Amino acid sequence: MAKIRKTASIENGLMEVVQILSEDEIQAAIGKGSSYVRKCSDPQQLQEIDHNDSFKLDKACIAKGRGHPLLTAHEYMIAHELENINIDGSKDLSQILVRSTILHGKLTELVHNAQDPKSDKGTEISVLEKRDIFEAIGDLEDKILKIKMTIDNKK
């Protein structure tokens with residue numbers, strides 16, 4: 001029977017890693033096999049992944065162009081703690097989605113303007129434009145985490 005894992009938990013992130021990386025890629029990254037990673041992903045087992053191993057697994061996933069499932073899980077858990085796990089029905093999901101749409105529009109506009117031939121460095125993105133783009137990405141990522149937390153905690 002399949003084990004239930006909380007959304008954006010370390011255990012769920014490890015299962016994503018097993019889906020992204022092959023046995024050989026996992027072995028090359030951490031010197032252990034996928035069975036070890038699956039065991040660490042079981043929320044009912046005492047076995048936990050070492051921080052250095054989780055970093056190496058995320059690094060291997062990034063090298064494949066498939067993101068960083070364990071970092072995402074950490075970000076989610078930290079954001080959850082920062083909000084003091086005080087997530088209730090008063091946070092309207094529709095309002096959060098509207099805000100995320102606005103932030104996505106801002107990001108799109110920044111990227112579009114940075115690549116405009118009439119911008120500071122023409123089609124090349126300047127250091128200042130990169131800073132603004134990364135800040136907009138961070139704002140959007142924060143809002144996406146709030147959406148995940150709100151959905152995860154709705155009963």
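Tutor: Ser100 counts as buried because its relative accessibility is 11%, and the cut-off for buried is under 20%. Keep in mind that this is a predicted model. Ser100 sits in helix H6, which spans residues 93–114. What does Ser100 contact, once neighbours within four places in sequence are left aside? Its partners are Leu140, Lys143 and Ile147.

Leu140 leads on to a core. It belongs to a second, separate core of 6 residues, which also includes Leu103, Ile133 and Ala136. A salt bridge joins the side chains of Arg131 and Asp132, at 3.0 Å from N to O. Arg131 is partly exposed, with 49% relative accessibility. Asp132 is partly exposed too, at 29%.

Now the largest nonpolar core. It has 17 residues. The members that touch the most other members are Leu14, Leu21, Val37, Ile49 and Leu57. Which elements give two or more residues to this core? They are H1, H2, H3, H4 and helix H5, residues 69–82. The top contributor is H1, with 5 residues.

Take Leu21 from that list. Setting aside neighbours within four places in sequence, Leu21 contacts Ile26, Leu57, Ala60, Cys61 and Lys64. Two of these names deserve a second look. Cys61 is buried because its relative accessibility is 0%. Lys64 is partly exposed, with a relative accessible area of 38%.

Lys64 also pairs through its side chain. It meets Glu25 in a salt bridge, at 3.1 Å from N to O. Lys64 lies in the loop between H4 and H5, and Glu25 in helix H2, so the pair ties together parts 39 residues apart in sequence. Glu25 is itself partly exposed, with a relative accessible area of 29%.

Asp53 pairs with Lys32, and their closest N and O atoms are 2.7 Å apart. This pair, too, links distant parts of the chain: Asp53 is in helix H4, Lys32 is in the loop between H2 and H3, and 21 residues separate them. Lys32 is partly exposed, at 30%. In total the structure holds 4 salt bridges.

Next comes helix H3, residues 34–41. Its buried residues are Ser34, Tyr36, Val37, Cys40 and Ser41. Viewed down the axis of H3, they fall within an arc of 155 degrees, so they line one face of the helix. The cover over them includes helix H1 (10–20), helix H2 (23–30) and helix H4 (51–63). Val37 ties this face to the largest core, as one of the residues there that touch the most other members.

Cys40, on that face, counts as buried because its relative accessibility is 4%. What of disulfides? A disulfide is a covalent bond between the sulfur atoms of two cysteines. The structure holds 0 disulfides.

Back to the starting point.

Methods: Residues numbered from 1 in each chain as written. Predicted model: local features only at pLDDT ≥ 70, side-chain atom pairs only at ≥ 80, totals over all residues. Heavy atoms only, no water. Buried < 20%, exposed > 50% of the residue type's maximum accessible area, 1.4 Å probe, protein only. Helix = DSSP H or I, 4+ residues; strand = E, 2+ residues; numbered from the N terminus. Arc of directions from axis to C-beta. Contact = heavy atoms within 4.5 Å. Disulfide = S-S within 2.5 Å. Core = buried A, V, L, I, M, F, W, Y, C linked by side-chain atoms within 4.5 Å.
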